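Me: I'd like to go through this structure in some order. Can we begin with the covalent links and then move on to charges and patches?

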Amino acid sequence: MSVWESQYRQAASQLVSPEHLDERIMQQARQYKPAPRTNRLASGAAGSFAAVAVMVLLIHPAQYLGALTPGGTQNSGPNPLENWQPQPSSVGVQRDQWFGLRSEVRAGNYVSLCDHWRREQRGITDSPLPRDLARKARQHCRLLPKP
């Protein structure tokens, strides 16, 4: 234990509160009571809804785990979930034409972006920049010299 810790412990042990103050504090503490319970009807309704929700959660998954339910299908054939495979996506993967430019911008190189943006401003290019690249161009391209 360091010197300051021992000095602190000595000083703290010497502190004493007056006895009458301790007694007053204890009297006030005895007067505190817990808040009375109000709205028991709402509390009971909430408990009932919670019990119903727990029952639904406990019973529902059992239907998918092979539990026999009245009027349900018996083991008449192979399990359809046994050999399930996801359906192939009908949407083809398209390559982002702005990927290279976005990579350069992320790396901090704005020369190509500014060049394309200036051509777009002059009406030379047919493909306008996407919103995110146009915003970056407005922020950064005024600082670079025109070629």
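Reply: A disulfide here is a pair of cysteine sulfur atoms within 2.5 Å. This is a predicted model, where local features need pLDDT of at least 70 and side-chain atom pairs count only at pLDDT 80 or more, while totals for chains, interfaces and linings use all residues. Residues are numbered from 1 along each chain as its sequence is written, and side-chain values use heavy atoms, with hydrogens and water left out.

Me: How many disulfides does that rule give?
Reply: The count is one disulfide. Cys-114 and Cys-141 form it, with their sulfur atoms 2.1 Å apart.

Me: Where do the two cysteines sit in the chain?
Reply: They lie in distant parts of the chain, 27 residues apart. Cys-114 belongs to helix α5 (residues 111-122), and Cys-141 to the segment after α6 (131-140). Helices are DSSP runs of H or I with at least four residues, strands are runs of E with at least two, and both are numbered from the N terminus.

Me: Which hand does the link of Cys-114 and Cys-141 have?
Reply: The link is left-handed, with -95° about the S-S bond.

Me: And is Cys-114 buried or exposed?
Reply: Cys-114 is buried, at 1% relative accessible area. Cys-141 is buried too, at 2%. Buried means under 20% relative accessible area, exposed over 50%, and partly exposed in between, with a 1.4 Å probe and protein chains only.

Me: Salt bridges next. How many turn up in the whole structure?
Reply: The search finds four salt bridges. The criterion is a side-chain nitrogen of Lys or Arg within 4 Å of a carboxyl oxygen of Asp or Glu.

Me: What does Asp-96 pair with?
Reply: Asp-96 pairs with Arg-102, and their closest N and O atoms are 2.5 Å apart. Arg-102 counts as buried at 19% relative accessibility, and Asp-96 as partly exposed at 34%.

Me: What about Asp-132?
Reply: Asp-132 also forms a salt bridge with Arg-102, with 3.0 Å between the closest N and O atoms. This pair links distant parts of the chain, 30 residues apart: Asp-132 is in helix α6 and Arg-102 in helix α4 (residues 99-107). Asp-132 is partly exposed, at 29%.

Me: Changing topic: which residues make the nonpolar surface patch?
Reply: Val-54, Met-55, Leu-58 and Ile-59 make a nonpolar surface patch of about 400 Å². Patch residues have over 30% relative accessible area and no salt bridge; like charges are joined within 9 Å, and nonpolar side chains (Val, Leu, Ile, Met, Phe, Trp, Tyr) within 5 Å. Areas come from the Shrake-Rupley method with a 1.4 Å probe, and for residues only the protein chains shown count as cover.

Me: Where is Val-54?
Reply: Val-54 lies in helix α3 (residues 40-59), and is partly exposed at 45%.
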